[in-house]
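This briefing is for a reader who is meeting the structure for the first time. Please look over the sequence and the model before reading on.

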Amino acid sequence: MNQTTMLIRWLNPWRLLWRPVWITLLAAPGIRLFSLGTIPLMDTTEARYSEMARLMVETGNWLTPQFDYGVPFWGKPPLFTWMSAAGIELFGVTEFAVRFPHWLAALLVILLMASFARKLGFSGLKTSVLITTSGIFLWSTGAVMTDMVLTLGMVLAMTGFYRCWQGELAWGYIGFIGLSVGLLAKGPLIIVLAGLAVVPWLVLQHGIKKSLVVLWLRFPIVSGVLLMLVIALPWYLMAEQATPGFLSYFIIGEHFNRFMVSDWAGDLYGDAHEHTRGMIWFFWLLAGLPWSVVLLVLFWYRRHWFRHPERYVLREKDGPIISFLLLWMLAPLMLFSFAGNILPTYVLPGVPAMAQLVVILLPGGFARSLWVPALASIVPVLILACHLVLLGDRSERWSDKVLIEKTNDKDPVYYLGSRPFSGRFYSHGRAGILADARSATNVAGSFQLIGRGAQVTQLITHENLHCQLQYMAQSGRALYHCGYGL
């Protein structure tokens with residue numbers, strides 16, 4: 001190839017256009033990587049799960065996650081806690097330590113989907129960019145939650161299933177490993193999600209009777225299920241033995257009552273997030289921005305293809321993968337359509353499929369337009385802006401990190417009335433609780449008190465108790481130095 005030809009290829013508008021996409025692909029997860037150690041842990045989710053990981057390391061109890069000292073946490077399996085606890089073992093008790101393993105899980109999702117796209121004959125780069133720049137995915141990248149680990153399990157399960165259906169038997173076992181990851185991340189929910197996508201798709205491809213034959217002949221059903229159980233089942237049995245009642249609460253309470261019973265009173269660990277039934281679809285539209293809207297536009301643009309697939313064909317082999325990805329994307333939405341206790345992150349397991357659908361349905365003219373890289377830059381810029389805001393004092397509204405940092409190591413620290421999870425994490429469990437004003441009389445000598453102004457004012461009306469304000473946070477809580485007879 002001579003120099004003139006090389007120069008022409010280098011100056012090709014198509015190559016120049018997509019060069020910023022590489023930058024976006026690297027910058028988007030890079031922004032989240034930067035934030036792992038700079039943004040405080042926010043109450044309640046991140047701080048709660050991080051404190052559980054800290055307790056796991058401190059107590060040495062890696063079998064049963066603990067909600068507090070001696071209080072077992074039955075709400076979720078331990079995989080996400082193990083990940084953050086491993087980070088603490090490697091890097092110490094820091095924000096980076098508890099978040100970094102979850103960032104790696106998101107990176108693995110991106111790499112797996114890029115590999116899957118290339119196997120299908122599509123651009124792994126475009127697929128990676130669209131996944132990374134989906135609002136809910138980038139926001140969840142590195143966050144201490146269960147949803148990204150569940151998404152990793154879903155990607156392993158679904159890509160393993162499809163590639164096994166195409167004849168790659170080893171990927172069938174990878175699919176069952178994905179199910180075991182989901183079982184240890186969030187429980188039997190992963191089997192329901194995968195089943196809602198796989199079963200209808202098999203019926204569409206082969207019919208009801210033949211689909212069972214195909215499932216038996218093409219997939220390692222027996223050995224795969226055994227592999228899944230060998231990986232996941234031992235923890236469930238040991239957890240029930242260690243804390244009897246776990247299986248009943250987790251299977252019945254967390255998987256049925258939480259979603260089907262309004263104002264479920266059996267929740268041991270928090271308040272229900274009650275929403276109107278069907279709100280999950282609206283969550284998908286917002287959480288998947290900008291690509292959720294783009295996908296709807298593309299479905300309209302391709303409407304003739306769906307009406308007459310024999311006449312309007314992208315490529316002959318694309319038909320099965322489009323229906324497969326569509327059912328994969330819709331599985332969380334179908335499952336939670338009649339649930340009221342939901343969160344926007346519940347749509348996350350279907351986001352990789354949504355991104356792949358957009359890549360497949362993009363016509364050549366659209367893909368070579370400026371709007372694709374422009375849209376891809378929106379979410380990273382917004383996330384960066386949010387991080388810059390949280391680097392300032394605004395983070396004090398949702399985290400007690402600053403308050404704990406201003407305490408001294410000499411005097412004990414107490415919260416008045418209630419203690420947030422961030423206070424527990426950043427004090428390394430040192431911060432105690434004073435249930436009411438009378439409890440203060442049991443404290444000998446001087447102590448540090450964190451509470452809201454009205455609560456503290458009521459407390460210091462007791463005889464000989466004096467409190468001096470040390471710091472007032474934007475959350476409304478303040479740090480005082482208190483003592484009797486000071």
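The points below go from the whole chain to two single residues.

The model is predicted. Its protein chain has 486 residues, and buried residues make up 52% of them. The secondary structure comes to 23 helices and seven strands.

**The chain as a whole**

- The accessible surface of the protein chain is about 21,900 Å². Carbon and sulfur atoms account for 65% of that surface.
- Among contacts in the protein chain with a separation of 6 or more, 72% are between residues 24 or more positions apart.

**Met 238**

- Met 238 belongs to helix 12, which covers residues 221-242.
- The relative accessibility of Met 238 is 42%, so this residue counts as partly exposed, a class that lies between the buried limit of under 20% and the exposed limit of over 50%.
- Met 238 and Leu 63 are 175 residues apart along the chain, yet 7.7 Å separates their C-alpha atoms.

**Ser 427**

- Ser 427 sits in a loop, with helix 22 (421-426) on one side and strand 4 (432-434) on the other.
- Ser 427 counts as buried because its relative accessibility is 7%, and buried means under 20%.
- A polar atom of the Ser 427 side chain lies 3.4 Å from the backbone oxygen of Arg 424.

**The two residues together**

- Met 238 is in a helix, whereas Ser 427 is in a loop.
- Met 238 is partly exposed, whereas Ser 427 is buried.

Conventions:
Residues numbered from 1 in each chain as written. Predicted model: local features only at pLDDT ≥ 70, side-chain atom pairs only at ≥ 80, totals over all residues. Heavy atoms only, no water. Helix = DSSP H or I, 4+ residues; strand = E, 2+ residues; numbered from the N terminus. Buried < 20%, exposed > 50% of the residue type's maximum accessible area, 1.4 Å probe, protein only. Polar contact = N/O pair within 3.5 Å; in protein donor to acceptor, adjacent residues only side chain to side chain. Contact = heavy atoms within 4.5 Å. Areas by Shrake-Rupley, 256 points an atom, 1.4 Å probe, with all protein chains shown as cover.
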